[in-house]
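Dear colleague,

Please find the structure below for your study. My notes on it follow.

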Amino acid sequence: MRQQVTIQSRSLAQTVSCGKKLGELAQVGNIYTLAGDLGAGKTTLTQAIGRGLAVPESYYITSPTFSLLHEYPGRIPLYHMDLYRLTGEDEIEDLGFLDYLYGNGLAVVEWSDRLGNLVPENRLHIEILLVGETERTFIITAHGPQYEKILAALNQ
Ligand SMILES: Nc1ncnc2c1ncn2[C@@H]1O[C@H](COP(=O)(O)OP(=O)(O)OP(=O)(O)O)[C@@H](O)[C@H]1O
Ligand SMILES: [Mg+2]
């Protein structure tokens, strides 16, 4: 099975449709790690993942830049983390993030490079490249067999 796919998004709508599928395909215990510059679309993609998980529309999914973690109820819980402001692995452990990372829902982590050595072995990694005003490139890498399945389903 393929371990990496590249998806071209030429509009917000295309990103939303990709995110919804990622939400629909998620299972309890899954981890999606997101990388990409400021404004690349990590939060935008997470919002769509939330819709794919059937998080009710009444919940507005926002960047947890200051609160670090938001939890939303969906088909399974969505744990949305933003590690931008964190500086080290100790801080991440002290805040108890690992309980959410390996929790009973889908964990979506913005700025996952901050995890350092704590980065999970098994995960779906999504790197978003800012190509133009409304154009983005998604490089999606499966680490672990369950994520290869998600990748295959996403690519159909
Ligand atoms: N094709 C596209 N895919 C995703 N976002 C797009 C696209 N075209 C335009 N945008 C816009 O780009 C912006 C992405 O912002 P967003 O907050 O999601 O980025 P981010 O990666 O979470 O940034 P930060 O690192 O600050 O948290 C949004 O305003 C969104 O509407
Ligand atoms: Mg964000």
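How do the residues of the shell around ligand 1 divide into nonpolar, polar and charged? There are three nonpolar, ten polar and three charged residues; Ala, Val, Leu, Ile, Met, Phe, Trp, Tyr, Cys and Pro count as nonpolar, Asp, Glu, Lys and Arg as charged, and the others, Gly among them, as polar.

This is a predicted model, in which local features need pLDDT of at least 70 and side-chain atom pairs count only at pLDDT 80 or more, while totals for chains, interfaces and linings use all residues. Residues are numbered from 1 along each chain as its sequence is written, and chains are lettered from A and ligands numbered from 1 in the order in which they are written.

In total, 16 residues surround ligand 1, the closest being T15, G41, K42, T43 and T44 (a residue is near if its C-beta atom, placed from the backbone, lies within 6 Å). Helix 1 (12-25) and helix 2 (42-52) each supply at least two residues of this shell, and helix 2 gives the most, with three. Helices (H or I, at least four residues) and strands (E, at least two) are DSSP runs, numbered from the N terminus.

The open sheet has seven strands in the order 1-7-6-2-5-4-3, with mixed pairing (two strands pair if DSSP finds at least two bridges between them). Strand 1 (4-9) and strand 3 (69-72) stand at the edges with a single partner strand each, so one side of each has no neighbour in the sheet. Strand 6 (residues 123-130) pairs with strand 7 (residues 136-143) in the antiparallel sense over eight bridges, and E127 stands opposite I139 in strand 7.

Yours sincerely
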